[in-house]
Amino acid sequence: MTQYQVNVAAEAFAAVVMSHAGYDVAMQYGTTQPDWDILATKGTRILKISVKGSQDGGWGLFQGYLENANYHGALDAWFSCQPDDLVYLFVQFMNVALDQAPRCYIARPTEILEHMRTTRGGYGYTSLREKHSWASGIAKGHSDIIPDAWRISPSRVDSI
């Protein structure tokens, strides 16, 4: 898929996932909308969701904030721009056949920040990786893996 197709497919699949979890879903038209892509409601509960799609195993989140190889500074700069009520839903198409569902994860910016501080052997990185083992450099031998708790489920969605 092209990057545009990945984004469109991810947003559409995120709407399916949230609907399946019992939420009413409203979407902004077009990818790269400000702040949120999907508004999901269940009773009085409202979730503003930013959807990130990938087909290569990772999601670039912080590269626009990186200066002088200060990865933790980039994480802090990204976090300072995050709305308090935003939730991220990550959709992964890598190694997913057309007749299979992509893997999905959901997390708040505070959880993402905490996890990203441990990546690349604690040195931080600009991309969230689903599962990546470092073969060289300062993080050689370290593996970055998205926390199991982020895996999409009705209870995870309701508790986020």
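Student: In which strand is Ser-127 found, and is Ser-127 buried or exposed?
Tutor: Ser-127 is found in strand 7, residues 127-129, where helices (H or I, at least four residues) and strands (E, at least two) are DSSP runs numbered from the N terminus. This is a predicted model, in which local features need pLDDT of at least 70, side-chain atom pairs count only at pLDDT 80 or more, and totals for chains, interfaces and linings use all residues. Residues are numbered from 1 along each chain as its sequence is written, and side-chain values use heavy atoms, with hydrogens and water left out. Since buried means under 20% relative accessible area, exposed over 50% and partly exposed in between (1.4 Å probe, protein chains only), Ser-127 in strand 7, with a relative accessible area of 18%, is buried.

Student: Which residues does Ser-127 touch, not counting residues up to four places away in sequence?
Tutor: Contact means heavy atoms within 4.5 Å. With residues up to four places away in sequence not counted, Ser-127 touches Trp-59, Gly-60, Leu-61, Phe-62 and Met-116.

Student: Which residue in the turn between strand 2 and strand 3 has a positive phi?
Tutor: Strand 2 and strand 3 (residues 45-54) run antiparallel and are joined by five bridges, with Ile-49 of strand 3 as the bridge partner of Ile-38. These strands form a hairpin with two residues between them, and the turn residue with a positive phi, of about 65°, is Gly-43.

Note on methods: Pairing = 2+ DSSP bridges.
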